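This report describes a protein chain whose sequence and fold are shown below. Please keep both in view while reading.

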Amino acid sequence: MRVAAIQHDIVWHDPAANFERLAPQIAGAAGLGAELIVLSEMFSSGFGIETASIAEAPGGPSTQFLGEQASAHRCWIGASLPEQSTDGGLPHNTFVLAGPAGELHRYHKIHPFSYAHEHEYFAPGRDHVVVTIAGVRFGLFVCYDLRFADEFWAVAPDVDVYLVPANWPEARRHHWRSLLVARAIENQAYVVGCNRVGEAPGPLRYSGDSMIVDPLGEVLASASGGESILVSDVTPGVVATVRGRYPFLADRR
């Protein structure tokens, strides 16, 4: 399967502007043959804690945009967005994965970024989510989750590709790049890390450094600094071969 990561800038708290900017980039990725496309964390608003103004109801404008684009290009599209809770509690930072036939899968970010007080405004998720598409098993995570190896280990036997949309600041770019490769090596799986670029209030700068990494930790595609589309093929057979040759997962305790 061909996957793409769209490394993009974000217009602060302006979903409509972000939809307009992203639509041609999604079309470009689809034109390169991408069957699954990943956008960034909080792709339509930027990473903010102003939940009263940015959190959307389930099925809101950002989810609708992902679904419409998936349908129009006959592919799968995933990104995270601020989404209101159905139980009236704090919102979730939700990874929505939309399919071409109207499929919708949701993963709630398990680890809110407490350093930036995300845990005060967003509820943590509890459940891992793995989605199988055309025989490829995708594990869904979001940004700060990347620092918690145990979450990735928990689903490793059932995952071929980890998807990680992010808003990871330039100041800690070395951590981002190193952890993406580490998660690939230790779980013998592909990792698609899609980070934003540009600036946000704070001020914060984002250098992108998006990557697609193979099960041996080799970087198949990468970009930094500006808006880019990364494309690579992922193959479950490669994962199976690597795990068969080096049975490291079986030695975990």
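The sections below treat the sheet, the nonpolar cores and the salt bridges of this predicted model.

Six strands make up an open sheet with mixed pairing, in the order 6-7-8-9-12-13. Its edges are formed by strand 6 (130-133) and strand 13 (219-223), each of which pairs on one side only. From one strand to the next, the twist averages 20°.

Strand 7 (residues 136-140) and strand 8 (residues 161-166) run parallel and are joined by three bridges. Leu 140 has Leu 163 of strand 8 as its bridge partner. Helix 5 (residues 173-187) packs on the sheet, where it touches strand 8, strand 9 (190-195), strand 12 (210-213) and strand 13. The direction of helix 5 makes about 160° with that of strand 9.

## Nonpolar cores

The largest nonpolar core comprises 49 residues. Within this core, the residues with the most contacts are Leu 36, Phe 138, Leu 140, Tyr 162 and Leu 163. Apart from it lies another core, of 19 residues, which includes Ala 4, Ala 34, Ile 37 and Ala 98.

Leaving aside neighbours within four places in sequence, Leu 140 is in contact with Phe 95, Leu 97, Tyr 107, Val 129, Val 131 and Leu 163.

The model contains 12 salt bridges. One of them links Glu 41 to Lys 109, with the closest N and O atoms 3.0 Å apart. Glu 41 belongs to the loop between strand 2 (36-38) and helix 2 (51-54), and Lys 109 to the loop between strand 5 (104-108) and strand 6, so this pair ties together parts that are 68 residues apart in sequence. Glu 41 is buried, at a relative accessible area of 0%, and Lys 109 is buried as well, at 1%.

A salt bridge also connects the side chains of Arg 137 and Asp 160 (3.0 Å, N to O). Because Arg 137 lies in strand 7 and Asp 160 in the loop between helix 4 (149-155) and strand 8, the pair ties together parts that are 23 residues apart in sequence. Arg 137 is partly exposed at 24% relative accessibility, whereas Asp 160 is buried at 3%.

Arg 183 and Glu 186 meet through their side chains in a salt bridge (2.5 Å, N to O). These two residues are three apart in helix 5 and are therefore separated by about one helical turn. Arg 183 is buried, with a relative accessible area of 6%, while Glu 186 is partly exposed, with 22%.

Salt bridges with shared partners also join Glu 41, Lys 109 and Glu 118 into one network.

Definitions and conventions: Residues numbered from 1 in each chain as written. Predicted model: local features only at pLDDT ≥ 70, side-chain atom pairs only at ≥ 80, totals over all residues. Heavy atoms only, no water. Core = buried A, V, L, I, M, F, W, Y, C linked by side-chain atoms within 4.5 Å. Buried < 20%, exposed > 50% of the residue type's maximum accessible area, 1.4 Å probe, protein only. Contact = heavy atoms within 4.5 Å. Pairing = 2+ DSSP bridges. Helix = DSSP H or I, 4+ residues; strand = E, 2+ residues; numbered from the N terminus. Axes fitted to C-alpha atoms, helices over the stretch in contact; angles between N-to-C directions. Salt bridge = Lys/Arg side-chain N within 4 Å of Asp/Glu carboxyl O.
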